[in-house]
Amino acid sequence: MPRHDTALDVYRQSLPVILVSLVAGLFAGTILGTEAMRAGIESVPGLLLLLPAFLATRGGVYGSLGARLSSALHQGLIEPRFEWSGRLRNAIIASFLNGILVSVFIAVLAWGVTLALGRSANLFELVIILFVAALLSAVAMLGVLLTVIFKGYRRGLDPDNVIGPVVTTVGDVFGVAFLLVGIAVAGVIL
Amino acid sequence: MVRTLVPLLAALSVLQMGSGTVLETFEEQLLEQPSLLVLVPVMIGTAGNLGSIMSARLSTQLHLGLLEFSPNNPYVRATVGAVFGLAATVFVLLGVASWAIGRVLGGTLGLPRLMVITVVSGMVLAVWVVIVSSASVYVSYRLGYDPDDTTIPIVTNVCDVTGVLILFGVVSVVT
């Protein structure tokens, strides 16, 4: 950081993204309330149970990718543009693997907890839904995140102030929407 | 990064089942009052946002060698001040927005009640976010992990679970 930021600086830089995130979060909440989603929640036991874990994984995986890239930018270890090599590539591949692996784990976990709570759940169905949702959101998240970080940095924005809100915003909206897609795909396959 | 994060995220997912169970418990109330259903992702998201701003800033300052862990440190103060300012702004707006959306979707919860729910649970959550973020940056640093890898997942996950608990704690007192 070239100079000392005051609370007001941080507030000013973060507020717009936080507000966008608020709107997007409300949008994600509204998707949750739609009939298609409520039908999905009813027809797929365990879905409401895994929802917070799934949404949080998006934040965890891509939030740490963002924080990593932002520190590397501040330290001058990477350039603020897309380059398919070295540090940047490793960070991208790692976050991709993390997202998929942990989502599949969540599916298995939710299946186990649902059974433990004395209700039936379909392991295969949950795994398909989460795999599809994780794959699609990885593509969407990486695209948005890299664009925002690099473009923002080039324009003098400190990525630290915006990564989290961007990640949770995009993650929640795409996460909930891609769960719906996953439910549809599982319905076709099974 | 995969080696640090996968076990960590897997462990945190187990923790997340806690908030999932809370949601399942309140399923009927959630379907009855759409305002509350709308609040869930936003509450979870905002806590995560504030926590990640806090911890991303602290860990960058740590990497740059500027951070000392003290409440008197100007970087820490500026960040904490900003987090509270943002929380106050967002949770007031959230009260109004969730009330409006809830009305459209046919809910009956009034504006004053929703404002109390969002502002009280939001500000409690903000205090908690500051504590958890600082603690996790400090502990990661002490244990030799890169705070960039560990803190955001920890903070977002912990704040999700506690966010849902705090939200429904306040809801059950107010409604």
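Ala, Val, Leu, Ile, Met, Phe, Trp, Tyr, Cys and Pro count as nonpolar, Asp, Glu, Lys and Arg as charged, and the others, Gly among them, as polar.

This is a predicted model, where local features need pLDDT of at least 70, side-chain atom pairs count only at pLDDT 80 or more, and totals for chains, interfaces and linings use all residues. Residues are numbered from 1 along each chain as its sequence is written, chains are lettered from A and ligands numbered from 1 in the order in which they are written, and side-chain values use heavy atoms, with hydrogens and water left out.

**Exercise 1. Sort the lining of the second largest cavity into nonpolar, polar and charged residues.**

Step 1. Take the term. A cavity is a set of points, on a 1 Å grid over the protein atoms alone, where a 1.4 Å probe fits but cannot get out; lining residues have an atom within 4 Å of a point.

Step 2. List the lining. Chain A gives A:Leu55, A:Ala56, A:Gly59, A:Thr168 and A:Asp172. Chain B gives B:Ile44, B:Gly45, B:Gly48, B:Thr156 and B:Asp160.

Step 3. Sort. The lining holds three nonpolar, five polar and two charged residues.

**Exercise 2. Find the residues that line the largest cavity, and sort them.**

Step 1. Start with the search. Three cavities of 30 Å³ or more turn up in the whole structure. The largest has a volume of about 70 Å³.

Step 2. Name the lining. From chain A come A:Arg38, A:Ile41, A:Glu42 and A:Leu48. From chain B come B:Glu27, B:Leu30, B:Leu31 and B:Leu37.

Step 3. Sort. Five are nonpolar, none is polar and three are charged.

**Exercise 3. Locate the salt bridges and state whether their residues are buried or exposed.**

Step 1. Count. Over all chains there are two salt bridges (a side-chain nitrogen of Lys or Arg within 4 Å of a carboxyl oxygen of Asp or Glu).

Step 2. Take the pair in chain A. A:Arg81 meets A:Glu79 at 3.9 Å, N to O. Buried means under 20% relative accessible area, exposed over 50%, and partly exposed in between (1.4 Å probe, protein chains only). A:Arg81, at 43%, is partly exposed. A:Glu79, at 39%, is partly exposed too.

Step 3. Take the other pair. A:Asp158 meets B:Arg57 at 3.8 Å, N to O. This pair crosses between chains. A:Asp158 is buried, and B:Arg57 is buried as well.

Methods: Helix = DSSP H or I, 4+ residues; strand = E, 2+ residues; numbered from the N terminus. 1 Å grid on protein atoms, 1.4 Å probe; cavity = no way out; pocket = protein on both sides within 12 Å on 5 of 7 lines; lining within 4 Å. Points joined across faces, edges and corners; volume = space filled by probe spheres on them.
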